[in-house]
Amino acid sequence: MTAPLDNDLLYYSPVPSADQRAYARIDIPVYVIDISQTKLVWANDAGLSFLGLDLKECIDPNRSFCTDLPAPFEDPAYKRLLHSYLKRVRDENHITDYLTIYSESDPVCVYCSMSRQTLTTGNPGLLIQFISEVGKEPVQIRSAQVLHFTTAMITMFDDTGKLTFENPASRQNRPSDCEDLKSRMCNIKDYEALMDELNKTGRTNLVALMHSSQGERWFDLNARSGFDPHSGRPAILLSATDVTKRLNAEHEVRYLAHHDTLTGLANRAFLEIEAERHLDNMRLTGSPGALIFIDLDRFKTINDTLGHLVGDDLLVIIAKRLKDVIDGLGFVARLGGDEFVVLIASVADADLLDEISREIRNALSKPCKVRGHTLQVTLSIGVCTFPEHGADLDTLMRKADLAMYKAKDLGRDGICFFNNSMSREAEERVSLENALRQALRNQELAVHYQPRLDVQTNKIVGAEGLLRWHHPTRGLVSAAGFIEIAEEAGMIDEIGDWVAYQAMRQQKNWQLAGHDISISINLSPSQFRRGKISQRLHRNLIETGACASAIRLEITESALLSDANETLKELTALRDLGFSLEIDDFGTGYSNLGYLQRYPVTSLKIDRSFIADTKRWPIVQMIVQMGRLLNLTLVAEGIETHEQLRQIQKLQCHEYQGYLYSPAVSPQTFECLLNGQQVVPAATTPLSALA
């Protein structure tokens, strides 16, 4: 290779000629690499010989010395390594390191000296000079490879923490101003804990925050005490793996597992964890605490009318306000839907809890602007205290929930503190619900019939079918005593369908017996909300063979106003099937002429409260006049005295029912009334429990 240098025209290399002549005289392998192209752009004779290359193989058609790097430098990992070497020599001018080279297909581990090389092209260059050959032993070669290419940072420090060796991964990761172990650690306590454990046991493992070229990062550290194989002095061998991404991912998973994704508040799972911690601490210190249960009133209406996006945005605003109010006072969580819980430690004073609850109600009930809508919600709040009302979260939640529902029962938008009577009421409701389910199975339910009479002739023209329960211990129970529980327990459809079937079958039987009377059936708003009521009643008609025109369906005003469009569809379908539609308890609701004209209503039943109070008879007169104007049949309920009967005769009501003639009776007794075989005496005391 010396000869060509005497004649620069033989080939061209970006290495200055003077440098080429100097390097050519060296007997050990020397190479110049163009880092930007990852090409070998010059080598002396010893270097070509070591790699098993011929000079002619390295000359391209343009008479330039340029060839691909030999194995393993074509590997991307090696290319990255060359760039890291270039960065180091820029900082340190001269470095030494081990490389594994494939010489004539055999791997050889060599100790190299590396420095910057100025190239005439302006590209960055690296001068590599082999110092000594380490050997071809597999263990040596593999050890060098592992140290070079592992992503773990491998470093050796002396017993004072001064750096004595590091592999490329450590070198690339280490900031230039952090050369000792102590300066690498972000937290001095982590350094002290590591050194203390090494002094005690000779090895340790911990996750610590360390300075790196990417800023502060988390590393999993494995350290052990040993000796420097070169000097024989005590040393610390440290392996560090960057676990920042893993820890961030774990933190994200924990956050998602413990927080509500919509509002960012703690969820039920996190509440259980925090509650256990708070309660344990309160047990140890003997301090009291409280749990506040919050439910938004009629939130479902917002979702149903304005959409879930509006509802979700409203919940986000409510959650932020709640968090701001409770900031520093306690722990806030969202249970789901529109339910929130506040856990407060070291406070059980009723006045203070009432003040906190009022602050919550005032803050959350302020108007909110959401997607072009101005919304205002009210809250029902239940409060219970620890340890007075419970020693665990489940008990406290249950009792605060009972108090919240009591606030709803009292008219909503209120605050209610738990007391023991609420538990008794709840237990009775659960007991009644279980007994009601049993009653369905044991056929303890029955339909009784109260006569409806023509006001002028006093003859039976119809009957109202009223549900009764033959309770094994309480005797005959009217529907008023359990229908709400049936609705809450999801039994209303089953019970309602059963009542309709029994009444239709009875109408058919009486028709066959020659009694041309109609039977009315009560339908609850819950049955309309569940939908498809017209389909179910049509099926009952087919199964019983009853005449639809002889079946009157009684609905309350609240049923008309709930989901008006769907209700109108159902009522229209029922009318088309031939059913007559009546408004029950008329006068107690909105009594609006508009909806009476909109819906296919045929009759009005004047509520008993107007009949019983003589001061309200002008209202009865107004209802009658309005009904006649709309050509509706008018039925007076709750007629208990002859005077009341005379009054509705004057007003020209069409029909009446009440204890003056008969309470609701069994089908057999009612049939006796139809046949004129028995007259039920007028009731002297109103049997309102069976109304």
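1. Basis of the values. In this predicted model, local features require pLDDT of at least 70 and side-chain atom pairs count only at pLDDT 80 or more, while totals for chains, interfaces and linings use all residues. Residues are numbered from 1 along each chain as its sequence is written, and side-chain values use heavy atoms, with hydrogens and water left out.

2. Overall composition. The chain contains 26 helices and 27 strands; these are DSSP runs numbered from the N terminus, helices being H or I of at least four residues and strands E of at least two. Of its 691 residues, 48% count as buried, that is, under 20% relative accessible area with a 1.4 Å probe and protein chains only. Among contacts (heavy atoms within 4.5 Å) between residues at least 6 apart in sequence, 59% join residues at least 24 apart.

3. The antiparallel sheet. Five strands make an open sheet in the order β8-β7-β11-β10-β9, with antiparallel pairing; two strands pair if DSSP finds at least two bridges between them. Its edges are β8 (163–166) and β9 (203–212), each of which pairs on one side only. The twist from one strand to the next averages 30°; angles run from 0 to 180 degrees between N-to-C directions, and axes are lines fitted to C-alpha atoms, for helices over the stretch in contact. Strand β7 (residues 153–158) pairs with β8 in the antiparallel sense over three bridges, and Phe-157 has Leu-163 of β8 as its bridge partner.

4. Antiparallel pairing joins β13 to β14 (residues 339–345) over six bridges, and Phe-331 stands opposite Leu-343 in β14.

5. The α24–α25 pair. The axes of α24 (residues 617–629) and α25 (residues 642–651) come within 10 Å and cross at roughly 40°. Trp-617, Val-620, Gln-621, Val-624 and Arg-628 of α24 meet Gln-644, Gln-647, Ile-648 and Leu-651 of α25.

6. Nonpolar cores. A nonpolar core is a set of buried Ala, Val, Leu, Ile, Met, Phe, Trp, Tyr and Cys residues joined through side-chain atoms within 4.5 Å. The largest has 71 residues, of which Phe-482, Leu-537, Leu-553, Phe-579, Ile-648, Tyr-656 and Phe-670 touch the most other members. Helix α17 (residues 492–512) gives the most to this core, with six residues. Neighbours within four places in sequence aside, Phe-482 contacts Leu-432, Leu-436, Leu-445, Leu-467, Trp-469 and Val-477. Another core, of 37 residues, lies apart from the largest one and includes Tyr-23, Ile-33, Trp-42 and Leu-81.

Terms used:
Buried < 20%, exposed > 50% of the residue type's maximum accessible area, 1.4 Å probe, protein only.
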